[in-house]
Structures are given as C-alpha cells and as structure tokens.
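Here is a friendly briefing to read alongside the model. Please keep the view open and follow the topics in turn.

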Amino acid sequence: MSSKTSIVLTGVGGHGVITAANILGKATVNADVNVYVSEVHGMAQRGGSVICTVRMGDVSSPLVASGTADAIISTEPIEALRYIRYASKNTKVITDVNPVIPFTVAVGGEEYPNLEEVFKEINSRAKLYKIDALKIAEDSGAIITKNIVMLGALAAVDVLPFKSDILFETILDNVPTKYGKINEKAFKGGIDAIKSI
Amino acid sequence: MDIIDEKPEKTILLLGNEAITRGALEAGIDVATAYPGTPSSEIADAFSAIAKYLKKKGEKPSFYFEYSINEKVALEVAAAASFSGLRALTCMKHVGLNVASDAFMTYLYVGCRGGHIIITADDPYCHSSQNEQDNRYFALFGSAPMLEPTTPQEAKEMARLGFEISEELHSPILLRTTTRLNHARGAVNLKKLKKSRGKGHFEKSPMLVTTPAVARARHPELLKMMERAEKISEKSPFNEIVAIGKTSKIGIVTSGVSFNYVKEAVEDLRVDAKILKLGMTNPLPRKMCGKLIKACEQIIIVEELEPFLENQFKAMAYDMESSVKIFGKSTGHFSRLYEYNPDIVTDALSKILKVKNPISKPIDYKIKLPSRPPTLCPGCPHRATYFAVKKVAPKETIYPTDIGCYTLGKAPPLEMADLLLCMGSNAGTACGLAVSTDQKIISFMGDSTFFHSGIPPIIDAVHHKRDVVITVLDNRTTAMTGHQPHPGTDFDGMGNPAKKILVEEVVKGCGVEHIEVTNPSDIKGTAEAFKRALDFKGPAVVVSKAPCILLENRAKRKAGKKIPTYTIDQEKCKQCNICIGKFGCPAFYYGENGTVHIDEQQCNGCGDCVQICPFDAISEKEEK
Ligand code: SF4
Ligand code: SF4
C-alpha cells in the first residue's frame, strides 16, 4: 500500500457528506495516521453539489490531484460522475443509486441524464460499485444514516490504511448513544452491500 | 468537548477555524468579538459553543465573547479591551475588514496594550463571497504585522504566539487565512490552556486621542514599529527554508495553503529545491529573502491571488542588483484568479523547471450533467415573500438585494435579485435607483444585515423622501453563516438572555411613515401588504417575519413534535405548473407524463404550497 491515501466524498448538501468526512478524519487520527481533510461550508451547503476530500499518510495537501483518488464515495450518482476527474482506472467509485433531481431540471430546462449511461461512463474510467444506500439506511431505521452506509461501503473496498473496526468505533463515538444501534446497522449494511456485489 | 481538552500533548482533529480558537485559549484570551461571515464563522461559533457548554455545566467561561452588530463595532470593542490591558481577538471575513477598515487604519497608529489578533479570512474563488480581494494588502496599506498559517496546527500556534508578538510590538496583528485553511481539518497538538487576565484597567493617555497633532506624532512611531517587526520576522520560526533533495539553485517562495501544494508538487516532480516558507509575511524578513536571492539562479513565487510577495521580491532583487530570474504571475506561469490546487501548482512548476508532469490531464466526462447550484431551502419563508411580491409588483420593478440566503432568490423561477454590491447595499442602491429612474423599486435585506448596515440608508431614504419599498426579511437569525444570533434575537453569543430589538420599532424611530409587518406564510396577506407599500408615496418598509425553516424544524424535533410532509392529489392536479414554474420549491419534481410530485425526503413541511395551488391539489400527508 502506498503511503498516501486519498478519498473523495461527494453528494448533495444536506446528505451528511461533511459529517462523513469529519468522522473519517477522526478515525484516521485514532489510527495514528496523519490526516488532512478539506470541506465546504457556507453557501455551497444550501442543497448544492458538495465535495470533501480526506487525505491520509504522508501528505501535505488536503486537496487531491486529478487521477489520484483511491476511492470516491458519492451519495448521489451524477455527483460521482461530476468529480470523476479525480479517478483513474484503479479508483474505486462507490455510489448510491438513487438520484436527487436538482431544481435546475424542473425549472431551468436542464436534463437529468440516463442513469445507465452515467454508470457506464463511470465504469469505463474507474471501478464502479453501486449500492442502494437509501434503502439500507431506511431499513436501518433512519434515512439520515445514508452517509454511514457509505462509510461502511468504503471500509469494505480495502483502501483505508487502518482496520474498519477503528472507523466503526469512531462512528459510535460521534453519534448520540441512543442512535448507536441504527448506525451500527447502517455501517454493517454498507459493508454487506459491497460484499454481495 | 474536544476543543477545551485539558490534556496537553494530546493530538485531536480540528477545523482550521477551531484551531485558531484553541490557540487563543492557550494564550489566555480575554475578549473575543466577531461578525459572522464565511469562511471565518466557525472561529466565533467555537467560542460561542464553549461558552454555552460551560454554562450548562455550571462553570463560568474565562473569556467574554460577542457576535457584534458589524465588523467595525467588533474591532472597536476588542480594541478597547486591548487598551485596558486584556488579550483580544476579532474575526471576520475578508470583506468584513472593509467595514472595519476605518477603525483598523487609525488603530495601527495608536497601537495596542494587551495583545490583539485580527483575523481576516479571505475567500479565493469566492466560494461564499462577492469578491476575492487579497487582504494581505491591508497589512501593507496600514502597516500591520501579519501571519499566514499553512495548516490547522500552525494556525493554532500562530494564534497562541501571535499575542506575544502583538504585545512585544504594541501593535494589533493580522492573522490572514484563506478558505482552504479555515475549512481544512488537520491533526492539532494541544498545549495547556492558559488562565485569562480577568478585568483590565484603562490607563489614560493623551496619545490615545488621535487629533491631527497626535496622528502626526504617531505615524513615525508606526514606521519604527515596523522596523522592530522586521527583526522579529527575521528570527520567526514561522519563516523557514524547507530544503527538498540536494542543494539547489532553484528557490521557491510561498506562503499559506500554497505551501502544501508546492511541497507535494516538488516531491512528485522529483526536483531539488529550496522552499522559503513564509509564515510572517509582513514585514518580510528582507535579510532572509536576500540570502535566498543570492543563493539562487531562479526563484519561483507561488501565491494565490495578487503578486504580493512577487512584487516585493522583484524590488529586493532590483535593490541587490541581482540577476536572479523571478517566475510567477508576471511571467504568465501563475494566475491572479481563483484558488490554486495540486494540479495547477504541479503543472506550472513542471513547465518552469522543464520536467515531466506526472499528473495526467483530467479528461472531461462526455455526458452533460445538470448543474446543482445552491438554492433556497424547501420551505424557506423567503420564497413565500418573493412569490407574494411578484403577484403585485409591476413588471419593470427593480429588486436590489443583499448578502444572505435571500441572494439565492436570484435563480429562476423567482429571479428576485437585480443588484448587489455589499452588506447593506440594497437600501442605498434603492435610493439611487429612485433618483435615477421611474421604475418601481422593492429592495430586500435580512434582519442581521439590517442591523449590520441597513439602517443608515433607510434614514437617507426617509430624509430625502425616496419612493422606495424596503423589505426586511426577518427570520430571526443569521442563517447563511450558520444561524448566529443578532440584536433581533433574545439571547446572545454567550447563550445569555439579551435585549431583543424589533426591526419595526427601529424603522419607526428612523421616521418611516409607512410600515407593514406581515407573515409570509400568509401569502395573500403579504401580497396585500406589499400592494399598500407600493401605493404609498415615499419610503415604505415591509417587515416580513417568519423563522428560518431549518431553525423552526430543529426546534420542533427537539420538542418531539413531528414535521409534516405534503403531498399532491393526482386526481385534482391539473399540471398547471405554478408550483414548479412560479413558486419553485425544490421539493417538487416531474414524474412520468408531466405529473407533479413532492419529494418527501426534501419537503420541510412549511405548507406554503397549499396556498399557491389553484386547484387545491396539495395537502398535508396523513401520517409519518
Ligand atoms: S410544504 Fe410544499 S413548499 Fe413547503 S417544503 Fe414541502 S413541498 Fe416545499
Ligand atoms: S437556511 Fe433558512 S433562510 Fe437560508 S435558505 Fe434555508 S430556510 Fe431560507
């Protein structure tokens, strides 16, 4: 494994992308690995397209260079494609399959592309993993755990420089105790979803 | 709470902004003030959260913190604390320093007593701003010592040690950050928290009253202070040479977040270089820079935005009669626009140094993706106000707007933003448009903006009898920057009860004769209020009051109340398109064959759309 790991987290404002990046960063500190996280705040959070990056190991920059991400996890399919420039053939792209239609489609006359074509294009440029994170989150007890499902999926694709237990424990440390069970289900659900592909 | 962890030498993950707050606590901060603004807000929010947390535990915070009415007042409050011998901190976004600059420029003449750090958070690329001005020029302009951190760890150390520099120089100092530092999270090594000083004492001195004679006496002192500051800069641990590889005649000068990209790029390009990492960028350590100029054949300057370092290096090289070749913006290798990133820096360095760039050019995706810009939240009360205005305003009406969530009303279908300069500009430009045109004018500002700088132009409108309608969108919070309190809320930044000031009462005191107070969730009533305001000859103010839906729903969740969702009866819906095409709540979407639906995941349950549907097709969904 190289001494640098770069993870890109994308999605739609309100999906908990920043929280997921923060938890991933904390887990990396807990694993005693150097980490640098970049987030978006402010205007971009009002339902816009969101990107965060987490870099681990021997890194100085919180931002990722094109074609150098080890994994991209996205809570929405077209947002995975929007940031595909960070991917190379070896990059693992994990995305939720459920589209969130931007308002520019309804009122701006823009078009939401055919999902199969989106997946085809991602797959032609990287290694694609599709999961129904929304359903897993719902089954776990709360749709807001979709970001935790994504972290579970990330833990299952073998890119993190530490054991998935550390990530799991960090999640539990960062959610209210009464929601521990729900988050556990969501995290495990994410892992299982990748394993069953 | 991590940020006030008492265990020294522990390493925790902190946001750059939180790291600054932590650094101030390790220096025994006494008084912190701020006006919120992205990307600076979390510095202030961290103080506020700590104060509330301690209060809950029954402990008294060691510092005083306030969200001030605007940046100028924030700076004045903190400066007075410093004059009383206390350690003070003020934070704001870059354009905030424009507001505070009147105080700032003369404050530097007077100098300070207790250490005072002024944080300017710049926003290259305008992620959340109306311009990308480079505030390093404020340091040159006013003669302020300046620090620029590279990482959250360094930001914390600069905040901690900055107070000592400030006290040694008897001058406030600037801590200049950019978005990628403010909103980057990194591992931060903690030191002990320090006790604050408690109450200070103001010592009178004629030199604190800046009459012309005093100003003339202070100006040479200011220049002398900068000479002493240069000595500190020469010895500062924040200015250092980072040598990569073998000794080299290539020098790279950089500061702030650019250093991060430079370091990785030099490693990736496998070149040998001496990187001069500047953490104290005003005044520059001229001896240290001179040494680099002498030792190098070429020097590359990597800095975002303006050629601040580049021009100074050129001047130094000229004075030294050096023939060193300086690369940067003037040679066309680097841009004065936007943010840098690893791609940009690696590419430019590879071209200058004539080595192969290992980063492959990104290939664009072939499918056209719809854009996803930020938008007013589903259920945002501003949408209802805008919808009501559009029902009664003539077609040619001009809508000057202001800084806040409501700027997002610019997007279709509302298109309710025509002119914007800065905080408070809605009402000032409304007055000017009334002078210059015969068009109707309805301007918009938020409640926090009203208090910040919206009141003087209203008085101007009254005094000159301008025929304008000025709207205050009163949602009881500073929503865009993260829901901070302001003078219109009944609590303050420390979580203490505070005197709540009503917009309509202030406006009445300003002499406005026609005031409408309306609740936008009554769309018909709000439209009528605007109609009356438009018919009034002279300045009218409409206060459109309803809490930000995010705050309201947060309160509901806390109280265990359910948040309703709404649904469309497909039998009744005639697909008239009003809800999407005119109202534009983002929770609406088209299904198959043009059917219209509400996305339950997105609906915030405001119920406003029930009133706008002419066919009564929208209603609250039964259970959930
Ligand atoms: S109730 Fe209607 S207007 Fe309000 S958030 Fe839901 S869909 Fe949007
Ligand atoms: S945060 Fe509040 S004020 Fe801002 S767009 Fe959302 S609902 Fe409106």
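**Briefing on the predicted model**

V435(B) is exposed because its relative accessible area is 56% (exposed means over 50%, buried under 20%, and partly exposed in between, with a 1.4 Å probe and protein chains only). This is a predicted model, in which local features need pLDDT of at least 70, side-chain atom pairs count only at pLDDT 80 or more, and totals for chains, interfaces and linings use all residues; side-chain values use heavy atoms, with hydrogens and water left out. Residues are numbered from 1 along each chain as its sequence is written, while chains are lettered from A and ligands numbered from 1 in the order in which they are written.

**Around V435(B)**

- V435(B) belongs to helix α14 (residues 425-436) of chain B; helices (H or I, at least four residues) and strands (E, at least two) are DSSP runs, numbered from the N terminus.
- Between the C-alpha atoms of V435(B) and V541(B) there are 18 Å, and the two residues are 106 apart along the chain.

**Surface patches on chain B**

- K56(B), R554(B), R557(B) and K558(B) make up a positive surface patch.
- Patches are made of residues with over 30% relative accessible area and no salt bridge, joining like charges within 9 Å and nonpolar side chains (Val, Leu, Ile, Met, Phe, Trp, Tyr) within 5 Å.
- A salt bridge here is a side-chain nitrogen of Lys or Arg within 4 Å of a carboxyl oxygen of Asp or Glu.
- Lys and Arg count as positive and Asp and Glu as negative, with His and the chain ends not counted; the place of a charge is taken as NZ of Lys, CZ of Arg, CG of Asp or CD of Glu.
- Helix α18 (residues 549-558) of chain B supplies the largest share of the positive patch, three residues.
- K558(B) is found in helix α18 of chain B, and this lysine counts as exposed because its relative accessibility is 80%.
- A nonpolar patch on the surface is formed by Y125(B), L337(B) and Y338(B), which together have about 330 Å² of accessible area (accessible areas come from the Shrake-Rupley method with a 1.4 Å probe, and for residues only the protein chains shown count as cover).
- Y125(B) sits in the loop between β5 (116-122) and α5 (136-142) of chain B, and with a relative accessible area of 47% this tyrosine is partly exposed.

**Strands and sheets**

- In chain A, eight of the nine residues of strand β1 (residues 4-12) are buried, so the strand is largely enclosed by the rest of the structure.
- β1(A) runs antiparallel to strand β3 (residues 49-57) of chain A, with nine bridges joining them; two strands pair if DSSP finds at least two bridges between them.
- T10(A) has I51(A) as its bridge partner in β3(A).
- β1(A) also pairs with strand β4 (residues 71-74) of chain A, in the parallel sense over four bridges, and there L9(A) has I73(A) as its bridge partner.
- Chain B has an open sheet of seven strands with mixed pairing, in the order β3-β2-β4-β5-β7-β6-β12.
- The edge strands of that sheet are β3 (64-67) and β12 of chain B, each pairing on one side only.
- Within chain B, strand β6 (residues 146-147) and strand β7 (residues 173-178) run parallel and are joined by two bridges; L147(B) stands opposite L175(B) in β7(B).

**An enclosed helix**

- Helix α1 (residues 16-26) of chain B has ten of its eleven residues buried, so the helix is largely enclosed by the rest of the structure.
- Among its buried residues are N17(B), I20(B), R22(B) and E26(B).

**Backbone details in the loops of chain B**

- T38(B) and P39(B) are joined by a cis peptide bond with omega about 10°, and P39(B) lies in the loop between β2 (31-34) and α2 (41-56) of chain B.
- Another cis peptide bond runs from N282(B) to P283(B), with omega near -10°; P283(B) is in the loop between β12 (280-282) and α10 (286-295) of chain B.
- L305(B) is not a glycine, yet its phi is positive at about 65°.
- L305(B) lies in the loop between β13 (298-302) and α11 (308-319) of chain B and counts as buried at 1% relative accessibility.
- H483(B), also a residue other than glycine, has a positive phi near 65°.
- The loop between β16 (469-474) and α16 (503-509) of chain B holds H483(B), which is buried with a relative accessible area of 14%.
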